[in-house]
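Visitor: Please take me through this structure, one topic at a time.

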Amino acid sequence: MGKFVIRNVSSGIKFDLKATNGQVIATSEIYTSKSACENGIASVRKNAPIAGVEDQTAEGFETLVHPKFEMYVDKAGEYRFRLKARNGEIIATSEGYKAKVSCENGIESVKKNAPEAEIVEE
């Protein structure tokens, strides 16, 4: 089972969602308080399982309603995703992936791990 790891950074507090193998599959923005960070985790738990996937790498892709995962290619040519809540706010983002299938696997891992992931603090 995955876990949300809350940690302090120089400019605030953030979380990483880690898969069972310890690999980071999604990360949050930087929050100003622990309670705001915990609210972000609750939002990921709620939205990830029901979010559709909007493949912005496909020509003529269909725009989906929120919540959704947006899969796109970054400036470095790597595949990434961001999870947006019902209100359109970005609540989690991925690392860059060389292959599209790896990015798709990352999305599926978030959908699978987020709802039941424990919360730990570092």
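**Charges, a helix and rings**

Guide: Lys84 is buried, with a relative accessible area of 16%. Buried means under 20% relative accessible area, exposed means over 50%, and partly exposed lies in between (1.4 Å probe, protein chains only). The model is predicted: local features need pLDDT of at least 70, side-chain atom pairs count only at pLDDT 80 or more, and totals for chains, interfaces and linings use all residues. Residues are numbered from 1 along each chain as its sequence is written, and side-chain values use heavy atoms, with hydrogens and water left out.

Visitor: OK, which residue does Lys84 meet in a salt bridge?

Guide: Its partner is Glu70, at 3.3 Å from N to O. A salt bridge here is a side-chain nitrogen of Lys or Arg within 4 Å of a carboxyl oxygen of Asp or Glu. Glu70 lies in strand 5 and Lys84 in strand 6 (residues 79-84), so the bridge ties together parts that are 14 residues apart in sequence. Helices (H or I, at least four residues) and strands (E, at least two) are DSSP runs, numbered from the N terminus. Glu70 is buried too, with a relative accessible area of 5%.

Visitor: And what network do the salt bridges that share partners make?

Guide: They join Glu54, Lys68, Glu70, Arg82 and Lys84 into one network. Within it, Glu54 bridges to Lys68, with the closest N and O atoms 2.7 Å apart. That pair also links distant parts of the chain, since Glu54 is in strand 4 (residues 52-55) and Lys68 in strand 5 (residues 68-73), 14 residues apart. Both Glu54 and Lys68 are buried.

Visitor: How many salt bridges are there by this rule?

Guide: The count comes to 10 salt bridges. Another one is between Asp16 and Arg7, at 3.1 Å from N to O. Asp16 counts as buried at 6% relative accessibility, whereas Arg7 counts as partly exposed at 27%.

Visitor: New topic: which residues are buried in helix 1?

Guide: They are Cys37, Gly40, Ile41, Ser43, Val44 and Asn47. Seen down the axis of helix 1, these buried residues fall within an arc of 160°, so they line one face of the helix. The arc is that of the directions from the helix axis to the C-beta atoms. The face turned away from the buried side carries the exposed residues Asn39 and Lys46.

Visitor: What does Ser43 touch?

Guide: Leaving aside residues up to four places away in sequence, Ser43 touches Ala85 and Ile91. Contact means heavy atoms within 4.5 Å.

Visitor: Now the rings. How many aromatic pairs are found?

Guide: A search of the whole structure finds 3 aromatic pairs. In one of them, the rings of Phe15 and Tyr31 have their centres 6.4 Å apart and their planes at 15°, so the pair is stacked. Rings of Phe, Tyr and Trp (its six-membered ring) pair if their centres lie within 6.5 Å; planes under 30 degrees apart count as stacked, over 60 as edge-to-face and the rest as tilted. Phe15 and Tyr31 are both buried.

Visitor: Which pair is edge-to-face, at 75° between the planes?

Guide: That is Phe69 with Phe81, at 5.7 Å centre to centre. Phe69 lies in strand 5 and Phe81 in strand 6, so this pair ties together parts that are 12 residues apart in sequence. Phe69 is buried at 0% relative accessible area, and Phe81 is buried at 1%.
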